[in-house]
Amino acid sequence: MLSSPQQTPAPQRDTRYWKLTGALLFVTVFFAIIPSGFEWGVTDPGQTNDTLRKVQWLPLYGLGGWLLWRRRRIALAMLPLINPFLILFCLWALVSVSWAEVVSSSIARNVKLWGTMAIALGCASASWAPTRFEHLTWKTLMFALGVSLIMVFALPEIARHQDDALRGLWNGITASKNQMGFVFSLAMIFTAINYYRGTVRGKTLVLCLALIGVMIVGVQSTTSTLCGLIGTAIVWMVVRPPVDTRGYLGLIIGIAILVIGVPYFVVSLLSAPPTVTQILEPAATAVGKDISLTGRDDIWEYVISEAKQHPIKGMGYGSFWLGPGGPSEWIHEALYWIPFQAHNGYIDIVNETGFIGLGLVIAFVLMHLYQIRLVLRIDRIGAAGHLALLVYVLISNIAETTLFLPPTLPFTLLALSSAVMSRVLLQARWQAEAEQASRSLNPRFQRPESGPRQA
């Protein structure tokens, strides 16, 4: 980091690449919403046009890298404040290419991972404003909901599921109702953030809530609705806490660990440890889901048995779910349908990156929480948004693989969130250094020299 306030860029409003970074953030979030390769109706990721996927994402990755180079001085100053475990996971994923069963697929996934980080850090390094990320993301999500609603009636053959199991349910501009659920539930959270910022009020707020409500009815995703409500409640609890928890946060976390951990430990001593299905079934039942009917428990069992073959380092980042002919083909043959993820991101992380990768993910989450605590002292509303987004991703990752899976919408926003917090902390450090330098140069703050008293 730069050593003195004189060498530090002035913490003033940065507008040189204002329109460019705004467009980059908007397009990145929007592309994370729509199907990869611009191909609606294709459920097999391996069947999408590879050329279209490259046209869709490679220019954005390149633009993010270009912004990083143009603002390399700020990026280097940000480097010590970036979540180190985010960088370590990216490096571990890159190293895993050396033992991946399908090297080309692992390289392709790494390009997406590193490209997403380039976009996130590029947007945080150039054209900085504290609330820009949350405001532009909210606008993009609401735009996607508006377009989806139009498509539901104008292009129902694309915007509504046509298969027998989900016939009539809305998927809008996304590939499936689950992806559409991500959009409206995240829109709930970012609407709450912008409400407390004062940027969404009156008729705009009513219109946003009405649009979100219509999409909830049309999509009928109980899990997404619950995740959105939890995230919105977190924003409210942090910004306007009904109970003063200062000084008791550690106690609350400790009690939560005891309530959850002690029964699990006792059960483990008395019998075999509960399975993944047994652990998650009560939560699924609470939201009206039956794990056994969705087929997720079968997938989990198969993927866990695969992960046991390489528990430490995994089989290679992005080198398992490759469709027919790939390493996951035996699971396709054992099921009556063809999945392209474990529908549990934590199991997928262990399978592809091993317990080392899972350990890095846990460390990333803990460091992310620590950075949120630091941001809380600077910007309470911003910290509430970062916390709500993190909890949202951690919960949704139980049923849908999203964590460290680019270019999914939840992970894209989480990467942007991490980069934004690094820039917030950097700006706070620069401001503190500038204030300290101002005090040292201002004679009013200097102690007068002692001398002989005048008569």
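Is Trp99 buried or partly exposed? Trp99 counts as partly exposed, because its relative accessibility is 24%; buried means under 20% relative accessible area, exposed over 50%, and partly exposed in between (1.4 Å probe, protein chains only). The model is predicted, so local features need pLDDT of at least 70 and side-chain atom pairs count only at pLDDT 80 or more, while totals for chains, interfaces and linings use all residues. Residues are numbered from 1 along each chain as its sequence is written, and side-chain values use heavy atoms, with hydrogens and water left out.

A search of the whole structure finds 16 aromatic pairs. Rings of Phe, Tyr and Trp (its six-membered ring) pair if their centres lie within 6.5 Å; planes under 30 degrees apart count as stacked, over 60 as edge-to-face and the rest as tilted. Trp99 forms a tilted pair with Trp92, at 5.3 Å centre to centre and 55° between the planes. Trp92 counts as buried because its relative accessibility is 17%. Phe404 and Phe411 also form a tilted pair, with 5.2 Å between the centres and 40° between the planes. Both Phe404 and Phe411 are buried.

A charge sits over a ring if NZ of Lys or CZ of Arg is within 6 Å of the ring centre and within 35 degrees of the ring normal. Arg160 lies over the face of Phe153, 5.5 Å from the ring centre.

On a 1 Å grid over the protein atoms alone, a cavity is a set of points where a 1.4 Å probe fits but cannot get out; lining residues have an atom within 4 Å of a point. Grid points are joined across faces, edges and corners, and a volume is the space filled by probe spheres set on the points. There are two cavities of 30 Å³ or more in the whole structure.

The largest cavity holds about 130 Å³. Its lining has 14 residues, and Leu25, Cys123, Arg132, Phe133 and Val420 lie nearest the centre. Helices α1 (18-33), α5, α6 and α18 (409-441) each supply at least two residues of this lining; helices (H or I, at least four residues) are DSSP runs, numbered from the N terminus.

The second largest cavity has a volume of about 100 Å³. Phe133 and Val420 are again among the residues nearest the centre, here with Glu134, Gly382 and His386, in a lining of 15 residues. The largest share of this lining, four residues, comes from α17.

Helix α17 (residues 380-396) also holds Tyr392. Tyr392 counts as buried because its relative accessibility is 2%. Not counting residues up to four places away in sequence, Tyr392 touches Gly181, Phe182, Ser185, Leu186, Ile189, Cys227, Gly228 and Pro410, where contact means heavy atoms within 4.5 Å. Thr232 is 160 residues from Tyr392 along the chain, and their C-alpha atoms are separated by 9.7 Å.

Lys139 lies in helix α6 (residues 132-154). Lys139 is partly exposed, because its relative accessible area is 43%. Between Lys139 and Thr191 the C-alpha distance is 9.2 Å, across 52 residues in sequence.

Notes
On a 1 Å grid over the protein atoms alone, a cavity is a set of points where a 1.4 Å probe fits but cannot get out, and a pocket is an open set with protein on both sides within 12 Å along at least five of seven lines; lining residues have an atom within 4 Å of a point.
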